[in-house]
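Me: I've just opened this one and could use a quick tour. Can we take it bit by bit?

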Amino acid sequence: MPPTPAQGTAATVSTSVISPQEYDTFRRFLEEASGIVLGDNKHYLVTSRLNRLTEEFGFASLGELLEALRQGRDRRLQERVVDAMTTNETSWFRDGYPYEMLRNSILPELAQRKVNPLRIWSAASSTGQEAYSISMVVHEFQKANPGALPGRVEIVGTDISASVVRQAREGKYDDLSMARGLSPERKAAFFTDSGDGGWVVRPEIRARTRFTELNLLKSYALLGRFEIIFCRNVLIYFSGELKRDILDRMAQVLNPGGYLFLGGSETPSGYSRAYEMVRFPEGVVYRKKD
Ligand SMILES: C[S@@+](CC[C@H](N)C(=O)[O-])C[C@H]1O[C@@H](n2cnc3c(N)ncnc32)[C@H](O)[C@@H]1O
């Protein structure tokens, strides 16, 4: 009788399901490497994503891949595994209100304070939509208020995943991504048709952005200081202890009076005393206490 795919043979890759013990070991690895806490019921997800990498890296079984991870000698394997386990879900102008608040309330205040340079950090930037949306708002603000922001504006996008950072740098999107949150006016104003089914962010929007790999568990010292941090829809994956650590360390790179944008279901309350909640007409944001 031919072997079932689950049994495999000496010559083929086994697509076995992860055992409870292997799952626990993997959970510990992932949390140490990225902060991401896997729930108790993600066996199927882990199995399917790791089986793909088992094949790609030429291991005979999932067990072999896990053993190689445990030994920790192959950095590329570790990076690819973390990459495979991250959720990169994002969209243009996600949730709307942070970008309205930026344009109507925060940029006018920073312009009045003559902040220069104005540096903004998109701390889990995924494929770049968040950082480019910020850059579009800055562009629109500058056009409507010539000279109000006379200094340099820089938007730094960072993410743990090398593949999304590459995509963000490329600044090229397919029709499906373009359909998520972008108005026809902004699409016409800020993108050019690449001619091969893609849309490329225009140079004047890209010019004030840069993207680099950064694990939020590691030091932020090389990034410099910021007036605004967008850290949206990533803290939800971390333990309370890590949330506390990340929020406190972000406060250290925020200038006094600087703003922190979190995702709709995220809050510093209960984790960090470095921020106060500020309510603008568009919604809530957190400000670093002086
Ligand atoms: C759901 S996306 C959010 C993207 C964007 N901020 C938004 O709100 O649309 C979460 C991102 O966090 C990144 N991420 C997960 N763990 C990370 C870590 N330890 N350091 C940096 N980025 C991380 C993932 O790679 C992913 O791109």
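Me: Let's start with asparagine 145. Is it buried, exposed or partly exposed, and why?
Reply: This is a predicted model, so keep that in mind throughout. Asparagine 145 counts as partly exposed because it has 13 C-beta neighbours inside 10 Å. A residue needs 20 or more to be buried, and 12 or fewer to be exposed.

Me: Where is asparagine 145 found?
Reply: Look in the loop between helix H6 (129-144) and strand E2 (153-159).

Me: And how far is asparagine 145 from alanine 111?
Reply: In space, 9.6 Å from C-alpha to C-alpha. In sequence, the two are 34 residues apart.

Me: What about alanine 131, buried or exposed?
Reply: Alanine 131 is buried, because 29 other C-beta atoms lie within 10 Å. That residue lies in helix H6. Its C-alpha atom is separated by 9.5 Å from that of phenylalanine 93, which is 38 residues away along the chain.

Me: Now leucine 38. Where is that?
Reply: Leucine 38 is in the loop between helix H1 (20-34) and helix H2 (43-56). It is partly exposed, with 18 other C-beta atoms within 10 Å. Leucine 38 and tryptophan 92 are 54 residues apart along the chain, and their C-alpha atoms are separated by 27 Å.

Me: Let's step back. How many helices and strands does the chain have?
Reply: The chain has 11 helices and 10 strands. Of its 290 residues, 34% are buried. The C-alpha atoms fill a box of roughly 75 × 50 × 30 Å along the principal axes.

Me: How do the strands in the 7-strand sheet line up?
Reply: The order is E6-E2-E1-E7-E8-E10-E9. The sheet is open and its pairing is mixed. Strand E6 (209-213) and strand E9 (275-280) are the edge strands, each pairing on one side only. From one strand to the next, the twist averages 25 degrees.

Me: What holds strands together in general?
Reply: Strands of a sheet pair through backbone hydrogen bonds, in either a parallel or an antiparallel way.

Me: Tell me about E7. How many of its residues are buried?
Reply: 6 of the 6 residues in strand E7 (residues 226-231) are buried. Strand E1 (residues 118-122) pairs with E7 in the parallel sense, over 3 bridges. There, tryptophan 121 stands opposite isoleucine 229 of E7.

Me: And how does E7 pair with E8?
Reply: In the parallel sense again, over 5 bridges, with E8 covering residues 254-262. Phenylalanine 226 has leucine 254 in E8 as its bridge partner. Between the two strands, the chain passes through helix H11 (residues 240-253), and this β-α-β crossover is right-handed.

Me: Where does antiparallel pairing come in?
Reply: E9 and strand E10 (residues 283-288) run antiparallel, joined by 6 bridges. Arginine 279 stands opposite valine 284 in E10.

Me: What's the order in the 3-strand sheet?
Reply: E3-E5-E4, an open sheet with antiparallel pairing. Strand E3 (172-174) and strand E4 (191-193) are at the edges with a single partner strand each, so one side of each has no neighbour in the sheet. The twist averages 35 degrees from one strand to the next. E4 and strand E5 (residues 198-201) are joined by 3 bridges. Aspartate 193 stands opposite tryptophan 199 there.

Me: Switching topic. Which residues come nearest to the ligand?
Reply: Thr86, Thr90, Ala124, Ser126 and Ile160, out of 24 residues around the ligand. By class, the shell has 8 nonpolar, 11 polar and 5 charged residues. Domain 1 (20-85) and domain 2 (97-288) each supply at least three residues to the shell.

Me: What is the phi of serine 126?
Reply: About 45 degrees, a positive value, although serine 126 is not a glycine. Most residues other than glycine have a negative phi. Serine 126 lies in the loop between E1 and H6. It counts as buried because it has 25 C-beta neighbours inside 10 Å.

Me: And what about aspartate 95?
Reply: Its phi is also positive, near 70 degrees. Aspartate 95 is in the loop between helix H4 (75-85) and H5. With 15 C-beta neighbours inside 10 Å, aspartate 95 counts as partly exposed.

Me: Last one. Which residues does the cis peptide bond join?
Reply: Asparagine 116 and proline 117, with omega about 0 degrees. Proline 117 lies in the loop between helix H5 (97-112) and E1. Most peptide bonds are trans.

Notes:
Residues numbered from 1 in each chain as written. Predicted model: local features only at pLDDT ≥ 70, side-chain atom pairs only at ≥ 80, totals over all residues. Helix = DSSP H or I, 4+ residues; strand = E, 2+ residues; numbered from the N terminus. Pairing = 2+ DSSP bridges. Right-handed = clockwise from strand over helix to strand, strands pointing away. Near = placed C-beta within 6 Å. Nonpolar A, V, L, I, M, F, W, Y, C, P; charged D, E, K, R; others polar. Domains from an automatic or database assignment. Axes fitted to C-alpha atoms, helices over the stretch in contact; angles between N-to-C directions.
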